[in-house]
Amino acid sequence: RRHEEAHYGTTQLTAERQGGLMGFAPRMWGDDHGHTAYQGSFGDEGRMELRRNGELIGTSWYPFGVFDVPAEAARYELMMVSGKYGSPARSWARSTEIRTTWGFDSVLEPDVFSRGLPLLFPRVGLPEDGMKTLAPTGGQVLPIRVTGHGGYTPGDLVTARFAWSYDGGSTWTDAPVRQVEGGWSAVVDHSGASGRTVTTRVELTDSLGATVTQVVQAAYAVR
C-alpha cells in the first residue's frame, strides 16, 4: 500500500518507462505505523504479466520486473500476484494474497528520460477493531480512495465498484457504492456471517484513464 507524504515521508517511484523499457516494483504490504515490505522475499511468492493491446508481451516469476516495449502508443495491462505461502504464512492471517491488475496508456517520448507510469493503488477503509475484523451487521461504510506513487498523481476517481466474497472469490456480492462530496464509499452487509473470512474486490478508474482492479484474499474477518 502507498502511504501519503504528509504522514510517512516522500512517496517513491513504483513504475516508470525509460525509452523502450518499463520497470515495476510495487510494495503491497504496509501498516498504519509507516512500515512497508517488498514482496517476493522470505515466505512470499509472486509473479507479473504485462500485456499490450491484449497480447502478452512479458512475464516475470517475481512480483517485480523490467520489460521491453515497442515505441508506438498502446494500452497496457499489468497483472501482479503476491502472496504469503508455506510455513511463514502461519502467522499471517490477513491479506494472504493480493492480485492487482492495472490498465494504462503509454507511448515512447524520445525527449523524456524517465516517465512515471500511471499506476493506481486502492485504499479501502475498514470500521475494524485493530485485528481486521468487522461486526456481523449491515450498513457498515467502507471509504474508498486511491493514491499514486512518486511518478504519478492520480486524477479524480470517476468510477468505483466494490464486492465481497465468503468463498475466496468463487461467488461475489456487489456492494452499493456511493459518491458524496467528492468521496466514494461502499456499504457492506455481514449480517449472520460471524466467523467468516472475507475476500474483497475493488475496481477504480481515474479521470486520466488509469484503471485498477484488486482482489485481496482474507482482507478481513467477521467477528
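Is Arg201 buried or exposed? Arg201 is buried, with a relative accessible area of 18%. Buried here means under 20% relative accessible area; exposed means over 50%, and partly exposed lies in between, using a 1.4 Å probe and protein chains only. We will come back to Arg201.

First, some ground rules. This is a predicted model, so local features need a pLDDT of at least 70, side-chain atom pairs count only at pLDDT 80 or more, and totals for chains, interfaces and linings use all residues. Residues are numbered from 1 along each chain as its sequence is written, and side-chain values use heavy atoms, with hydrogens and water left out.

Now, confidence. pLDDT is the predictor's confidence in each residue, on a scale from 0 to 100. The chain averages 90, and 88% of the residues score at least 70. Residues 1-8 stay under 50. The model has 33 contacts for that stretch beyond four places in sequence. A contact means heavy atoms within 4.5 Å. Where pLDDT is low, the predicted coordinates should not be read in detail.

Next, the overall build. The chain has one helix and 19 strands. These are DSSP runs, numbered from the N terminus: helices are H or I with at least four residues, strands are E with at least two. Of the 223 residues in the chain, 42% are buried. Take the contacts between residues at least 6 apart in sequence: 65% of them join residues at least 24 apart.

On to the core. A nonpolar core is a set of buried Ala, Val, Leu, Ile, Met, Phe, Trp, Tyr and Cys residues joined through side-chain atoms within 4.5 Å. The largest one has 41 residues, and Phe24, Phe104 and Leu119 touch the most other members. Strand E19 (residues 211-222) gives the largest share of this core, five residues. Look at Phe24. Beyond four places in sequence, its contacts include Phe104 and Leu119, along with Met48, Leu50, Phe64 and Phe67.

Pro118 also meets Phe104. Pro118 sits in the loop between strand E10 (115-116) and strand E11 (121-124). It is buried, at 14% relative accessible area. Its C-alpha atom is 6.2 Å from that of Phe104, 14 residues apart along the chain. Setting aside neighbours within four places, Pro118 is in contact with Gly103, Phe104, Asp105, Tyr152 and Ala210.

Now, charges. Side chains of opposite charge can pair when their charged atoms come close. A salt bridge is a side-chain nitrogen of Lys or Arg within 4 Å of a carboxyl oxygen of Asp or Glu. The structure holds eight.

Start with Arg75 and Asp105, at 3.3 Å from N to O. Arg75 lies in strand E8 (residues 74-84) and Asp105 in strand E9 (residues 97-106), so the pair ties together parts that are 30 residues apart in sequence. Arg75 is partly exposed at 29%. Asp105 is partly exposed too, at 48%.

Back to Arg201. Its side chain meets Glu203 in a salt bridge, 3.4 Å from N to O. Glu203 counts as partly exposed, at 22% relative accessibility. Elsewhere, salt bridges that share partners join Arg47, Glu49 and Arg51 into one network. In the Arg47 and Glu49 bridge, the closest N and O atoms are 3.0 Å apart.

Glu203 has another neighbour: Ala160. Ala160 lies in strand E14 (residues 157-165) and is buried, at 9%. Beyond four places in sequence, Ala160 also contacts Val177, Trp184 and Leu204.

Beyond four places in sequence, Arg17 touches residues including Met22, Tyr76, Phe113 and Leu117.

Last, the backbone. Most residues other than glycine have a negative phi, and most peptide bonds are trans. Asn53 has a positive phi of about 50°, although it is not a glycine. Asn53 is in the loop between strand E5 (44-52) and strand E6 (55-60), and is exposed at 52%. Ser95 also has a positive phi of about 50°. Ser95 is in the loop between E8 and E9, and is buried at 19%.
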